[in-house]
Amino acid sequence: MSENIMTYETVDLSDDDEGVIIIDQTRLPGKVEMIRLRTAQEIWDAIYLLKVRGAPAIGVAAAFGIYVLARQIAEEEKEFSGFYKRFRKQKEYLDSARPTAVNLTWALNRMDKVCRKAHEDGNDVPKIVEILGREAREIKEEDVRVCRAIGEYGLSLVKPGDGILTHCNAGQLATCKYGTATAPIYLGQERGYRFRVFADETRPLLQGARLTAYELHSAGVDVTLICDNMSGMVMKNGWVNAVFVGCDRVAANGDVANKIGTSVVAAVAKQYGIPFYVCAPTSTIDLDTPTGAEITIEQRPAEEVTEMWYKERMAPEGVKVFNPAFDVTDHELITAIVTEHGIARAPFTESLKKYK
């Protein structure tokens, strides 16, 4: 490969703090393109259009984004009341980009809380902006620490030479380093575990084919790309010892929302007696949502299914299309939820509280 995607920062601040720098993931794997986001519209579009994606990476991008916008607001609003009114408006706008991934709201609320606390402590607007910048950087650094810790706990669940199946992309491209579901794989790679990984292509946006297979292959991992409807065969053949997936939201009872198709993988794994592990930073645990039934599922444009990856439209004009971005995996199909603080097992209504 001419370029190793592992050497790039998924999300970062520009050197002058005036823009958010991201890998445009819609161009991968054909082209590695770094883009700079400065306006609220550019940041919103990047999140909605999946130029930046993955719950942790979205959270970091949102934190950097609201900081960049706060700097711009502070150039015109010197008093806190005017500054904060516009800050809140931009925060709410960014928060509307994607409804399912809880990290988007979590990061923006955290930045909002820091903003208000800084004001209560008697800081003026320029100082508040400086504090927001420190907090945004801490959110990114925290993500790296969290993912590595998830990797250590996840690695304790498998052994050298195991076959691992993963769905969608919960890798480095979805975070700032290591990934969540791929963190055990990368740590195992560093330690000579020689895992055999199967990556679902993940229709309709092909995050597994375009992103997971790309980054694992770049890192030298033994990875095999399969179509989504092949998971049953590779499991039945005995090639898979464990399934690791990420998630965008964990309900209080252990139901998880993740990329569409995750629930199918979980059901097939249950059929063949293969442990199904969800790798979830505690920031994705939403104890205020009782079950998966209460999670809002984002609906995506029909064109993603009918024509996005084709030279010519592949479905008849006028046909109805159902294109949810996520599905909910029932907690009864989940062997354990791996967090940065430990491994939660059933009953999740009790175990998740210990780690949140």
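Visitor: What should I know about the model before reading it?

Guide: The model is predicted, so local features need pLDDT of at least 70 and side-chain atom pairs count only at pLDDT 80 or more, while totals for chains, interfaces and linings use all residues. Residues are numbered from 1 along each chain as its sequence is written, and side-chain values use heavy atoms, with hydrogens and water left out.

Visitor: At what angle do helix α2 and helix α4 pack?

Guide: Two packed helices are described by the angle between their axes and the distance between the axes. Helices (H or I, at least four residues) and strands (E, at least two) are DSSP runs numbered from the N terminus, and axes are lines fitted to C-alpha atoms, for helices over the stretch in contact, with angles running from 0 to 180 degrees between N-to-C directions. Here α2 (residues 55-74) and α4 (residues 102-120) pack at about 35 degrees, with axes 8 Å apart. Contact means heavy atoms within 4.5 Å, and among the residues that meet are I58, A62 and I66 in α2 and L104, L108 and M111 in α4. By class this contact has 11 nonpolar, two polar and no charged residues, where Ala, Val, Leu, Ile, Met, Phe, Trp, Tyr, Cys and Pro count as nonpolar, Asp, Glu, Lys and Arg as charged, and the others, Gly among them, as polar.

Visitor: Which residues does helix α3 bring to its meeting with α5?

Guide: F80, F83 and F87 in α3 meet V125, I128, V129 and L132 in α5, and these divide into seven nonpolar, no polar and no charged residues. The axes of α3 (residues 80-95) and α5 (residues 125-155) come within 10 Å and cross at roughly 35 degrees.

Visitor: How many residues does the largest nonpolar core have?

Guide: In soluble globular proteins, nonpolar side chains tend to be buried together. A nonpolar core is a set of buried Ala, Val, Leu, Ile, Met, Phe, Trp, Tyr and Cys residues joined through side-chain atoms within 4.5 Å, and buried means under 20% relative accessible area, with exposed over 50% and partly exposed in between (1.4 Å probe, protein chains only). The largest core has 46 residues, and V11, F83, F87 and L132 have the most contacts inside it. Helix α2 gives the most to this core, with 14 residues. Leaving aside neighbours within four places in sequence, L132 is in contact with Y67, A70, F83, F87, M111, V114 and C115. Apart from this core lies another, of 26 residues, among them I226, V256, A269 and L352.

Visitor: In what order do the strands of the open sheet lie?

Guide: Strands of a sheet pair through backbone hydrogen bonds, either parallel or antiparallel. Two strands pair if DSSP finds at least two bridges between them. The open sheet has seven strands in the order β6-β5-β4-β7-β10-β13-β14, with mixed pairing. Strands β6 (222-226) and β14 (343-344) stand at the edges, each with a single partner strand, so one side of each is left without a neighbour in the sheet. Strand β4 (residues 163-166) pairs with β7 in the parallel sense over two bridges, and L165 has V243 as its bridge partner in β7. Strand β7 also pairs in the parallel sense with β10 (residues 276-279), over three bridges, where F244 stands opposite Y277. By contrast, β13 (residues 336-338) and β14 run antiparallel, joined by two bridges.

Visitor: Is helix α6 largely enclosed or open, and why?

Guide: Six of the eight residues of α6 (residues 183-190) are buried, so this helix is largely enclosed by the rest of the structure. Its buried residues are A183, P184, I185, Y186, L187 and G188, and they pack against α5, β4, β5 (196-200), α7 (207-218) and β7.
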